[in-house]
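This report describes selected features of a predicted model.

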Number of protein chains: 2
Amino acid sequence: MELIETLEWRYATKKYSSRKVADDILERIITAINLSASSVGIQPYKILVIENQDVRKQLSAYSLNPQITESSHLLIFAAFDSINQATIENYVALIAREREIPVESLSVFRKKALNRLLLNTDEENLIWATKQAYIALGTALIAAAAEKVDTTPMEGFQAEHFDELLGLKEKGLKSVALMAVGYRDEERDTNAHLKKVRWPMEDFVETIK
Amino acid sequence: MELIETLEWRYATKKYSSRKVADDILERIITAINLSASSVGIQPYKILVIENQDVRKQLSAYSLNPQITESSHLLIFAAFDSINQATIENYVALIAREREIPVESLSVFRKKALNRLLLNTDEENLIWATKQAYIALGTALIAAAAEKVDTTPMEGFQAEHFDELLGLKEKGLKSVALMAVGYRDEERDTNAHLKKVRWPMEDFVETIK
């Protein structure tokens, strides 16, 4: 499977070259992210694509990862900080429009979604939304690698400062994961040559025949 | 990008045919999952592959998804329910073995991992481990689709009963997500023909140039 080679090729890039990722490649990566699966299909997150060096410099004060500024672009996965009735009604209306069916025909689905999500606290729904964003992060890492674009998934950052700098709170969002994209600087990046380490299959998988 | 076609092809399968997924295909899907990225690289989860119909029947009492029994195989993503010093020491020892370097040369990494994880509560680390498992779920959905294998990602199940039936607690694991795999029954599955609905790009992405 070609995908396995793609996954073997990928690694958490430490040092980026100055080469920029072209807009059309970036667009295909975003399209792939947008096609990711999510619970209820509601995709409770947005993607910020940050090229602006000033903004990235400000953000870099709240992360120890130099990739924030040294990569070509920084992607921020920002989860919905709450799920309210309007979120679900918007989504149901979108389905009706896209499939050209009356909203009423989605009443069972609508009720299920409301029951599934509105009974939770905002904190529970944020965790749930974050998990959906991580499915998308999984897609994003593969989509970039399929284009021979290097990436660094990153968690170690002060999300509240990112949110403030980017005005995410006003938009009902919280930054939950980062992904730097760009091209590796193979000479300077010692990680580029390290053997990938994974739990051996006998520890990783259990089969019940 | 071929990946976009693969993602377009994928959908949450409702009705499976009786056709089984071959062992070699399943193995490639698992290999892809094993190659997924994770924070610290520690991959704090395992995969259970359940073919046994009796076991799946017992599990199906604790989920509303008929795909549990009707698919070819059921994959369970089971996260580490805690991260202790031994988990990290095992992982550091594995890296040293695989890269043929002395454990001592990993002392900075080891210390960082200990600081990163041992200060958290078990509950915080379980959420963290679950998020890593969702990256892998993202990989798994793509890996299956790349093999033209259908899937259903599922969250709605009573995890504590799954854990009890499968003896996961004794293994330090908690079931956090499910994925049915198999082949769609295109005639019986009304979902197979629905237009995929995603947030429009202008709502989904924000670019800061």
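Against which element do the buried residues of α5(A) pack? They pack against α6 (107-118) of chain A.

**The helix α5(A)**

In this predicted model, helix α5 of chain A covers residues 85-99. The buried residues in α5(A) are A:I88, A:Y91 and A:I95. Viewed down the helix axis, the buried residues of α5(A) lie within an arc of 65°, and therefore they line one face of the helix. A:Q85, A:A86 and A:R97, on the other side of α5(A), are exposed. Just after the helix, A:E100 adopts a positive phi of about 55°.

**A sheet with strands from both chains**

An open sheet is formed by 5 strands in the order β3(A)-β4(A)-β2(A)-β1(A)-β5(B), with mixed pairing.

Two strand pairings are set out below, one within chain A and one between the chains.

| Strand | Partner | Bridges | Direction |
|---|---|---|---|
| β1(A), residues 45-50 | β2(A), residues 73-80 | 6 bridges | antiparallel |
| β5(A), residues 205-208 | β1(B) | 4 bridges | parallel |

In the antiparallel pair, A:I47 stands opposite A:F77 in β2(A). In the parallel pair, A:T207 stands opposite B:V49 in β1(B).

**The contact between the chains**

How many residues of chain B are in contact with chain A? There are 57 residues of chain B in contact with 57 residues of chain A. On the side of chain B that touches chain A, at least two residues each are supplied by α1 (2-9), α2 (23-34), β1 (45-50), α5 (85-99), α7 (122-146), α9 (201-204) and β5 (205-208) of chain B. Of these elements, α7(B) provides the largest share, 13 residues. Sorted by class, this side of chain B comprises 33 nonpolar, 11 polar and 13 charged residues.

Technical notes
Residues are numbered from 1 along each chain as its sequence is written. Chains are lettered from A and ligands numbered from 1 in the order in which they are written. This is a predicted model: local features need pLDDT of at least 70, side-chain atom pairs count only at pLDDT 80 or more; totals for chains, interfaces and linings use all residues. Two residues are in contact if their C-beta atoms, placed from the backbone, lie within 7 Å. Ala, Val, Leu, Ile, Met, Phe, Trp, Tyr, Cys and Pro count as nonpolar, Asp, Glu, Lys and Arg as charged, and the others, Gly among them, as polar. Two strands pair if DSSP finds at least two bridges between them. The expected span of a helix is 1.5 Å times one less than its number of residues. A residue is buried if 20 or more other C-beta atoms lie within 10 Å of its own, exposed if 12 or fewer, and partly exposed in between; C-beta atoms are placed from the backbone. The arc is that of the directions from the helix axis to the C-beta atoms.
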